Amino acid sequence: MRKRELCAPDVKTTALLYNGTMDETTLYTFSAQEALPLAWKYYLKTCGLGEKADSPRQARMLARSSELIGDVLPQVNLQALTRRFPGGCIAGETLLFDGVRFGCRALGRLDPARVGAVYPYLLTAGEIRLETENVADLLFADIWGTAFADAGVALLREKLSRENEGYVLSSAFGPGFFGMEVTELAGFFELFDASAIGMSLRASCLLIPLKSVAGFFISLLDEWALPAADCESCLGNPGGCRFCRNYVAAHKS
């Protein structure tokens with residue numbers, strides 16, 4: 001597999017989209033209001049909160065979180081680009097799309113004959129900023145942004161599931177998971193005109209806007225068990241640990 005030494009540079013151009021499609025690429029958009037119920041669930045989970053406060057401190061956190069959504073919601077701009085590739089693009093631990101290769105060790109557990117299609121995607125929640133020096137508010141706004149990005153992925157999966165009747169859609173996965181190097185992010189910018197949704201990739205492999213993600217969904221004739229999302233079951237290598245949200249969450253001091 002071709003080794004990528006650097007990620008793609010920043011790209012700041014414009015592109016026209018017609019009827020939600022651009023060549024073979026499909027554009028999906030989701031309203032902030034549509035994503036809010038899911039984002040709220042993800043937000044509470046990240047904060048370690050429940051729907052109801054168990055203490056005065058939690059009550060204050062919930063109240064402030066609800067107040068901040070008024071500042072965050074107008075900034076949310078959920079957009080995703082996807083392409084559909086036939087199951088034959090999988091060979092062993094490799095995905096091949098129009099000459100662009102991705103390696104993922106978890107694919108070795110998959111029977112290609114059971115694959116209907118593979119959907120690479122880019123998704124962003126947009127640029128979410130808060131004009132304040134209050135550290136707590138900045139933290140809450142950051143968590144809200146992540147929650148909306150996660151909600152966007154869930155909504156995209158739901159949309160693609162409806163378009164793949166008779167198939168089961170896998171969980172989302174991508175660079176930083178199951179042995180897929182973070183430098184593989186550059187491949188997504190070869191597959192897509194990411195500037196169409198305002199996304200770019202820095203040489204450090206940082207996605208811009210920050211609340212953006214890249215990954216894959218696979219449609220299958222039956223369930224496919226990805227490895228458990230814990231360090232003991234990980235098929236990756238130690239070099240990617242610092243990019244993995246599961247590792248970071250498990251090793252917080």
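Predicted model: local features only at pLDDT ≥ 70, side-chain atom pairs only at ≥ 80, totals over all residues.
At the start of α3, the backbone nitrogen of Ala 136 has a side-chain oxygen of Asn 134 within 3.0 Å.

Ala 141 belongs to helix α3, and because its relative accessibility is 9%, under the 20% limit, Ala 141 counts as buried. Leaving aside residues up to four places away in sequence, the residues that Ala 141 touches are Leu 68, Val 72, Ile 128 and Leu 130. For Leu 130, which is eleven residues from Ala 141 along the chain, the separation between the two C-alpha atoms is 7.0 Å.

Strand β3, made up of residues 78-82, is mostly covered, with five of its five residues buried. In a regular strand the side chains alternate between the two faces of the sheet.

## The open sheet β5-β6-β7

Three strands make an open sheet in the order β5-β6-β7, and their pairing is antiparallel. The edges are formed by β5 (90-91) and β7 (100-103), each of which has a single partner strand, so one side of each is left without a neighbour in the sheet.

Between β5 and β6 the antiparallel pairing rests on two bridges, and the bridge partner of Ala 91 in β6 is Thr 94. These two strands form a hairpin with two residues between them, where Gly 92 in the turn has a positive phi of about 65°. Strand β6 (residues 94-97) is joined to β7 by four bridges, again in the antiparallel sense, with Leu 96 standing opposite Arg 101 in β7. A hairpin with two residues between the strands is likewise formed by β6 and β7, and its turn contains Asp 98.

## Backbone exceptions

Most residues other than glycine have a negative phi, and most peptide bonds are trans. Asp 98, located in the loop between β6 and β7, has a positive phi near 45° although it is a residue other than glycine; at 56% relative accessibility, Asp 98 counts as exposed. Cys 205, which is not a glycine either, has a positive phi of about 70°. Cys 205 lies in the loop between β10 (200-201) and β11, and with a relative accessibility of 15% Cys 205 counts as buried.

The peptide bond that leads from Ile 208 to Pro 209 is cis, with omega near -5°. Pro 209 has its place in the loop between β11 (207-208) and β12 (212-220).

## Cysteines and a buried phenylalanine

A disulfide is a covalent bond between the sulfur atoms of two cysteines. Zero disulfides are found in a search of the whole structure. Among the cysteines, Cys 47 is buried at a relative accessible area of 18%, and Cys 104 counts as buried at 1% relative accessibility.

Phe 178 sits in the loop between β9 (168-169) and α4 (185-191), and its relative accessibility of 7% makes Phe 178 count as buried. Leu 107 is 71 residues from Phe 178 in sequence, while the C-alpha atoms of the two are 8.9 Å apart in space.

## Confidence along the chain

The protein has a mean pLDDT of 83, and 79% of its residues reach 70 or more. Confidence is highest in β3, at 97, and lowest in strand β1 (residues 21-22), at a mean of 40. Over residues 1-23 the pLDDT is below 50, and this stretch has 49 contacts in the model beyond near neighbours in sequence.

Key. Residues numbered from 1 in each chain as written. Heavy atoms only, no water. Polar contact = N/O pair within 3.5 Å; in protein donor to acceptor, adjacent residues only side chain to side chain. Buried < 20%, exposed > 50% of the residue type's maximum accessible area, 1.4 Å probe, protein only. Contact = heavy atoms within 4.5 Å. pLDDT = per-residue confidence, 0-100. Disulfide = S-S within 2.5 Å. Pairing = 2+ DSSP bridges.
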